[in-house]
Amino acid sequence: MHIIHHGSGQGVTGSCHQLFTHPEHSLLIDCGLFQGSEEAADNPNPHTINFDISTLRALLITHVHADHVGRLPWLLAAGFTGPILCSPPSAEMLPLVLEDSFTLSISRNTRDRGAFIKQVMQQVKPLAYKTWFSLYETDTHRVRLRLQRAGHILGSCYFEIEITQLPSKQKQIVVFSGDLGASYTPLLPAPRSPWRADVVVLESTYGDRLHQHRRHRRRALQQVVHQALQNKGTVMIPAFSIGRTQELLYELESIIHLEKDRVIRADLPWTALPVIVDSPLASNFTEIYKKLNRWWDTEAHATLRQGRNPLAFEQLITVQGHDEHLRMVHHLAQSGRPAIVIAGSGMCTAGRIVNYLKHLLPDPRHAVVFVGYQAQGTPGRIIQTYGPRGDGYVILDDDRIDIRAKVETLSGYSAHADQAELVQFVTRMRFPPKRIHLVHGELAAKSALKKALQTKLPNTEISI
């Protein structure tokens, strides 16, 4: 048994890991796009599948973010026809993700896109959580699989893969964490550690830091919003369409509900604050989140029982068409109307957030709030790094845009576990692993997490 990392081994994006259970049999865990400045070290075209897929028995999808599934068009073009295994919610959301990815990266041809989606969905096999499934058996070994909830976005999972050697029946369990969610993530239950593992492939996005407690992060979000609106400006929040947008809506509805009898300023009660989601894709995923509310956590179900709808509250405005989007941008830029705008993309690389930034970033009345990871080389990372100095700039659509708006980062809203939670994921196993592969993180994050893990698990081999 051995593992080859075809993505996120040396960075944060492009997750793609090949587990060989035998020289002639392997599984692929995720097949994601590279983002920002990251690209495969030995691959001049980061989209290309430049590895042998002849041994692949199945593709396992941990969740449907583009950096975990975005290379599926190229994988199928390379000839992969095997099953695509994921959770039921991921199976529901996957077509929408791939339609968007196909349109942006390959072709706008409706027929080509439809044929691709049809082929993918013929291969998709949704599997229930917490249940062992037999994948295949040969003369030398058999392989089983179990999905466990990962708490990152709706449908996210980590995989337990059991490899039994035959005829000895000696077993090894390999765990692929995918992206693990932070504790107290809105809408989703926190991940629970597996009972045992021999090998763990562990994400390390925030392996070098600790998040704010949820109570503090909600207060911090409220304070940032309050201050920006005191300045008669707009709060811009770049957010991914899946997961982050829905979590923010949940938190904002909660703040408005708790502050319903108070005002932000004399002419603006909290109940009159518009929350604008300017992303058709995010709106579509929000509808799916609402449809799949049986997968929400107990707190979210308690909110529903109170008669509240955290994803469809009175102050929520959705913007669909492009002309409507442009009118909203110009209206907020010219009027100074107080509002919160949530728009994609989450790292400001494209999408409607770019237009808001181009018009509002040079104006000190406004604010940008980052609530998620910003990869190296992305406009989001540049704004996040240089904006707080007060004299920075960023290039958007080949234009130099001065950064005069207030720039804030709220790490507590990350959908990724922090260092303490990643360490606990491993140390709470009844039988800790012999080996850990740290992936999906920058070198500093991996190094810090390795040090923290080694302190707790001195007999475990940890590789970066």
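Reply: **The domain interface and the backbone**

Between domain 1 and domain 2 the count is 2 salt bridges, a salt bridge being a side-chain nitrogen of Lys or Arg within 4 Å of a carboxyl oxygen of Asp or Glu. The model is predicted, and local features need pLDDT of at least 70, side-chain atom pairs count only at pLDDT 80 or more, and totals for chains, interfaces and linings use all residues. Residues are numbered from 1 along each chain as its sequence is written, and side-chain values use heavy atoms, with hydrogens and water left out.

The side chains of R381 and E442 form a salt bridge, at 2.7 Å from N to O. On the side of domain 1 that touches domain 2, helix α3 (residues 88-105) gives the most, with 7 residues; helices (H or I, at least four residues) and strands (E, at least two) are DSSP runs, numbered from the N terminus. That side of domain 1 divides into 17 nonpolar, 8 polar and 4 charged residues.

The domain assignment, automatic or from a database, gives domain 1 as 2-209 + 415-462 and domain 2 as 214-409. Their C-alpha centres lie 29 Å apart, and 29 residues of domain 1 are in contact (heavy atoms within 4.5 Å) with 29 residues of domain 2. The area buried between domain 1 and domain 2, meaning the accessible area (1.4 Å probe) lost on putting the two parts together, summed over both, is about 2,700 Å², with carbon and sulfur atoms giving 67%.

As to the backbone, most residues other than glycine have a negative phi, and most peptide bonds are trans. The bond from L166 to P167 is cis, with omega near 5°, and P167 is found in the loop between β9 (157-165) and β10 (171-176). A cis bond also joins G344 and S345, with omega about 10°, S345 being in the loop between β17 (339-343) and α10 (353-360). D30, in the loop between β3 (25-29) and β4 (56-60), has a positive phi of about 70° although it is not a glycine.

Technical notes: Ala, Val, Leu, Ile, Met, Phe, Trp, Tyr, Cys and Pro count as nonpolar, Asp, Glu, Lys and Arg as charged, and the others, Gly among them, as polar.
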